[in-house]
Amino acid sequence: MIHKMANQRIIPVGPYHPLQEEPELFKLYCEGETVKDIKWETGYNHRGIEKLSESKTFEQVFFLVERICGICSTSHPFAYANCMEEIAQVEPPNRAKYIRSIVGELERLHSHYLWLGLAGHFLGYNTVWMWAWKYREPILDLFEIISGNRNSYAMFKIGGVRRDVTGDQIALARKTMRDLKKKNDLLTKAVTDDPVIHARTKGVGTLTKADVMDYAAVGPTARASGWAIDVRRDDPYAAYDMVDWKVITADDGDVFAKTQVRLLENYESIKIIEQCLDGLEKEPEGDIELKVKEIPEGIGTGRAEAPRGEVFHFVKTDGSNSPVRHKIRAPSYVNIATFKKACVGQTISDATISLAAVDPCYCCTERMAFAYDWHSGDKIYDGNQLVERSRKETERLKNTL
Amino acid sequence: MKKQTFLENMREQLPQGVIQTGQIRDNRFVIDIEPAALLTIAGYLYHTLKYRFIIASAFHTKKGFEIMYHFSDDAAGNIINLHVILPQDQPEIESLTHMLSGANWIEREMREILGITFRNHPEPEKLISDGNWAEGVYPYRKNFK
Amino acid sequence: MGLKSFCLKKSLWVYHFAGASCNNCDIEILDVLTPRYDVERFGMQLVGSPRHADVILISGSINQRDKPRLKEVYHQASKPVFVVAFGACGCTGGVFAEGITFAGPVDQIVPVDAYIPGCPPKPEAMISGLSKLMQTI
């Protein structure tokens with residue numbers, strides 16, 4: 001299957017990523033088994049959202065930024081709302097703050113489960129995939145009951161939220177959180193106690209603290225390398241300074257550390273949601289929004305901690321009813337670039353999980369990854385075969401341990 | 001009060017090339033700088049003060065091409081915006097990528113959407129426009145139809 | 001009913017093409033494979049190559065750069081192949097239809113057999129859409 005004469009091959013991974021906002025094509029330059037260099041091409045998913053945003057009114061932009069990324073469909077409106085509230089200089093009522101935090105944390109939970117499932121899928125642990133996604137369903141049901149949709153929630157507006165969370169919904173949320181805690185225990189044990197997963201993920205895709213600072217990486221990618229940055233703590237917004245929680249970090253910077261950070265963050269999210277539900281019960285019902293009449297001229301920067309890291313929005317207004325310039329920086333934009341550090345020097349079978357560990361791209365490798373011979377252009381592996389290699393590696397370790 | 005001292009400190013500490021410093025909100029600062037001084041000032045923020053580079057936003061106005069380099073001071077929760085204005089006819093500025101790998105993509109993106117040239121960029125290939133719009137078309141310019 | 005459609009009826013293999021989408025549709029497509037919905041009980045399976053596929057499921061708006069690639073994928077698929085436009089963006093372009101890089105809804109690029117609207121469509125909608133498609137075979 002492999003062209004014997006050639007000593008360097010190119011493996012494109014991509015271009016179609018369903019699970020991140022910036023799909024691109026990764027080309028792994030390989031020599032034998034080892035990845036020597038990595039290059040990327042983007043533009044397959046460029047929708048011109050920043051330009052589109054200039055033609056929408058401030059309220060309409062919420063529905064647009066929600067559709068930047070389906071998984072982060074609260075983080076972008078969250079950052080945009082923070083940004084517009086900074087320009088208009090208003091602060092939403094406490095009830096709205098609690099609801100915002102609840103929605104934001106529920107999103108983090110479902111996103112981390114989604115990631116865990118797919119990472120398991122890559123390692124050949126389809127059971128982890130099926131379990132994690134099964135346990136994710138109650139969160140989506142809760143979303144449907146709170147907001148009316150499983151994925152795009154449309155909960156945010158300038159100065160507050162669109163829908164209140166009351167009576168039965170609070171009770172259901174409490175029950176869901178209680179159940180989820182048990183399931184999280186189970187998954188954490190299953191993943192962190194497994195010797196094969198240890199062997200497969202420890203020391204793989206390692207990023208040092210200097211690397212993540214150089215690439216300006218954010219979120220779990222940075223926290224797993226010992227850089228304790230979290231916008232929720234550093235620049236508090238919504239209800240995050242009204243509840244008690246802590247920033248989870250790890251020091252190793254490898255895939256295992258990233259998994260650990262995400263699993264432990266789930267507990268913090270559950271803790272935050274439970275406290276926010278307590279807070280919600282103390283605030284008067286219905287007090288969920290401030291009327292914001294007009295947006296003055298100015299510039300604003302808003303950030304929010306998405307499941308993958310800091311989302312950053314910059315808006316420039318001129319006193320009219322739509323943005324003059326709207327710059328959006330999603331966390332994957334900076335995290336993806338760290339692949340260059342994480343993958344070079346690894347074997348091809350480790351590259352898949354190293355790419356997946358940053359949490360932007362798994363389905364791409366599943367469906368659209370092809371390996372070409374560098375010289376002759378013959379296809380060597382397709383996506384399934386790449387995943388297959390990753391699984392065989394796990395199988396081999398399983399037998400040797 | 002603490003924030004005020006922060007600004008004063010900045011004014012004293014910052015290397016040459018600062019035109020003006022200002023505060024727009026409690027923890028949001030704007031520093032207008034000369035384009036020629038970008039490397040030294042960004043280097044000061046990144047190396048000495050250990051600020052994190054977030055992203056750069058470019059936009060086209062009557063004054064020319066404006067770029068905001070956003071830096072985050074995570075210990076204090078501040079955002080520091082370095083603001084440069086580049087001339088209409090020849091927008092050109094030094095690339096930050098050699099100092100900060102994180103600036104690689106955004107500089108390529110700004111080149112494609114607005115036609116700003118980044119001198120000494122190590123990898124000046126197309127990032128998003130290939131196949132989407134032609135070379136020499138800059139969709140985020142004001143005169144784009 | 002010919003032999004070809006008889007064979008198709010029992011196990012539709014699905015190739016998923018994600019255009020310039022927001023991932024919502026894509027995660028819902030994966031979601032129907034997981035325990036709660038489990039479409040594999042109908043013999044449906046996601047496959048990695050269009051050459052193995054009976055159905056191409058297209059989600060997301062299509063931008064200028066995706067357009068030739070979508071045509072190529074359609075061309076590669078062995079015929080007969082059914083094309084399903086998934087989600088609001090797949091059906092019409094949705095919120096991105098006014099974007100600068102938009103290259104037209106899916107049905108102006110390749111022939112479409114079924115539309116599943118929604119933003120994103122619920123997994124139930126996808127199962128219902130695919131079962132309706134099966135009835136037409």
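A residue is buried if 20 or more other C-beta atoms lie within 10 Å of its own, exposed if 12 or fewer, and partly exposed in between, with C-beta atoms placed from the backbone. The model is predicted: local features need pLDDT of at least 70, side-chain atom pairs count only at pLDDT 80 or more, and totals for chains, interfaces and linings use all residues. Residues are numbered from 1 along each chain as its sequence is written, while chains are lettered from A and ligands numbered from 1 in the order in which they are written.

Chain A holds 16 helices and 10 strands. Helices (H or I, at least four residues) and strands (E, at least two) are DSSP runs, numbered from the N terminus. Of the 401 residues in chain A, 61% are buried. Two residues are in contact if their C-beta atoms, placed from the backbone, lie within 7 Å. Among contacts in chain A between residues at least 6 apart in sequence, 70% join residues at least 24 apart.

A:Lys183 is placed in helix H6 (residues 167–192) of chain A. A:Lys183 counts as partly exposed because 17 C-beta neighbours lie inside 10 Å. From A:Glu91, A:Lys183 is 92 residues away in sequence and 36 Å away in space, C-alpha to C-alpha. A:Gly309 lies in strand E7 (residues 309–317) of chain A. A:Gly309 has 28 C-beta neighbours inside 10 Å and therefore counts as buried. Residues up to four places away in sequence aside, A:Gly309 touches A:Val218, A:Gly219, A:Thr221, A:Ala222, A:Pro331 and A:Asn335. A:Leu264 is 45 residues from A:Gly309 in sequence, and their C-alpha atoms are 15 Å apart.

Helix H3 (residues 75–88) of chain A has 14 residues. From first C-alpha to last, H3(A) reaches 20 Å, close to the 20 Å expected at 1.5 Å a residue. The expected span is 1.5 Å times one less than the number of residues. H3(A) is mostly covered, with 14 of its 14 residues buried. A:Gln89 follows H3(A) and has a positive phi, near 55 degrees.

Helix H4 (residues 94–123) and helix H11 (residues 255–282) of chain A have axes that come within 9 Å and cross at roughly 155 degrees. H4(A) is therefore roughly antiparallel to H11(A). Axes are lines fitted to C-alpha atoms, for helices over the stretch in contact, and angles run from 0 to 180 degrees between N-to-C directions. Angles under 35 degrees count as roughly parallel, over 145 as roughly antiparallel, 65 to 115 as roughly perpendicular and the rest as oblique. The crossing is left-handed, meaning that the near helix is turned anticlockwise from the far one by less than a right angle. By class, this contact of H4(A) with H11(A) has 11 nonpolar, six polar and five charged residues. Ala, Val, Leu, Ile, Met, Phe, Trp, Tyr, Cys and Pro count as nonpolar, Asp, Glu, Lys and Arg as charged, and the others, Gly among them, as polar.

Chain A also meets chains B and C. At one interface, 22 residues of chain A are in contact with 28 residues of chain B. On the chain A side, strand E6 (298–306), E7, strand E8 (325–329) and helix H12 (331–335) each give two or more residues. That side has nine nonpolar, four polar and nine charged residues. The contact between chains C and A takes 29 residues from chain C and 35 residues from chain A. On the chain C side, strand E1 (13–18) and helix H2 (24–31) each supply at least two residues. H2(C) gives the largest share, four residues.
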